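Colleague: I am new to this structure and would like a close look at one part of it. Could you walk me through it slowly?

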Amino acid sequence: MEGVVACVAYARGRRVGDVAIEDISEVLKLPDRFVWIGLHEPDQELLKVVQEEFGLHDLAIEDAHRAHQRPKLEVYDHSLFVVLHTVQKNPGSNELEFGETHLFVGPSYIVTVRHGPSLPYGEVRARCETQPGLLAKGPGFALYALMDFIVDRYFPAVDVIEDQLEEIEDAIFGTARGVTRETTGRIYHLKRELLNLKRAISPLIDITNRLMRFDVELVPEDTRPYFRDVYDHVVRI
């Protein structure tokens, strides 16, 4: 189905097999199962089907369809809705590209919805599948693995900005021309990128803090310490 990257069932941390979207609700009736589904820019019809299969909240689905959300964590009944901003370097230039990932997390499922430029999460899934003892902790651990992957992509973004800053400094102080219209434009462009990066990363301090606390019941107690690692990376950035 267009928009579906992967839809997989797991039992006790081990991959059981692919699942058709329309069969998800039946799989969830089985004991010790959870479903991990990845979507990329799904249309409203696909989101509606996913909502019905998992029983997702109307407001969260509305946000996931619209995109352009600020990073946040919201609790709806027995599920979490997390919005994260992604960043990556354009392979053809020294520019940063920002996207969004929305995550629905419940007791027996995790759904990722990617919008805009972003790396696929097949690498995260594959790494989790090599650690069945950890993946057996359920969707809460998958959430950690995804957040850790997204936040780690911010370190190369900081390097890109540092390189841009050095180039601007060389242009200003390395020649007799000083500040030109071109360098002024590059300074403002760099400022916009810094602001976008700050808007993406700053809210994660509060989000990771909440995921480490006991008021978020969908994250098991033995999974919460992993979010401290994400928190430490966020503070460093």
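Leaving aside its neighbours within four places in sequence, which residues is T86 in contact with?

Modeller: A word on the model comes before the contacts. This is a predicted model, in which local features need pLDDT of at least 70 and side-chain atom pairs count only at pLDDT 80 or more, while totals for chains, interfaces and linings use all residues. Residues are numbered from 1 along each chain as its sequence is written, and side-chain values use heavy atoms, with hydrogens and water left out.

Now to your residue. T86 sits in strand β5; strands here are DSSP runs of E with at least two residues, helices are runs of H or I with at least four, and both are numbered from the N terminus. Once neighbours within four places in sequence are set aside, T86 is in contact with E97, F98, G99, E100, T101, P117, S118, Y121, I150 and Y154, where contact means heavy atoms within 4.5 Å.

T86 has a relative accessibility of 5%, so it counts as buried (under 20% relative accessible area; exposed is over 50% and partly exposed lies in between, with a 1.4 Å probe and protein chains only). The T86 side chain also reaches the backbone oxygen of P117, at 3.3 Å.

T86 belongs to the lining of the largest cavity as well, together with V87, Q88, S118, L119, Y121, F149, I150 and R153. A cavity is a set of points, on a 1 Å grid over the protein atoms alone, where a 1.4 Å probe fits but cannot get out, and lining residues have an atom within 4 Å of a point.

By type, the lining divides into five nonpolar residues, three polar and one charged; Ala, Val, Leu, Ile, Met, Phe, Trp, Tyr, Cys and Pro count as nonpolar, Asp, Glu, Lys and Arg as charged, and the others, Gly among them, as polar.

For contrast, look at E52 in helix α2 (residues 44-54). E52 is exposed, with a relative accessible area of 56%, whereas T86 is buried.

Notes
1 Å grid on protein atoms, 1.4 Å probe; cavity = no way out; pocket = protein on both sides within 12 Å on 5 of 7 lines; lining within 4 Å. Polar contact = N/O pair within 3.5 Å; in protein donor to acceptor, adjacent residues only side chain to side chain.
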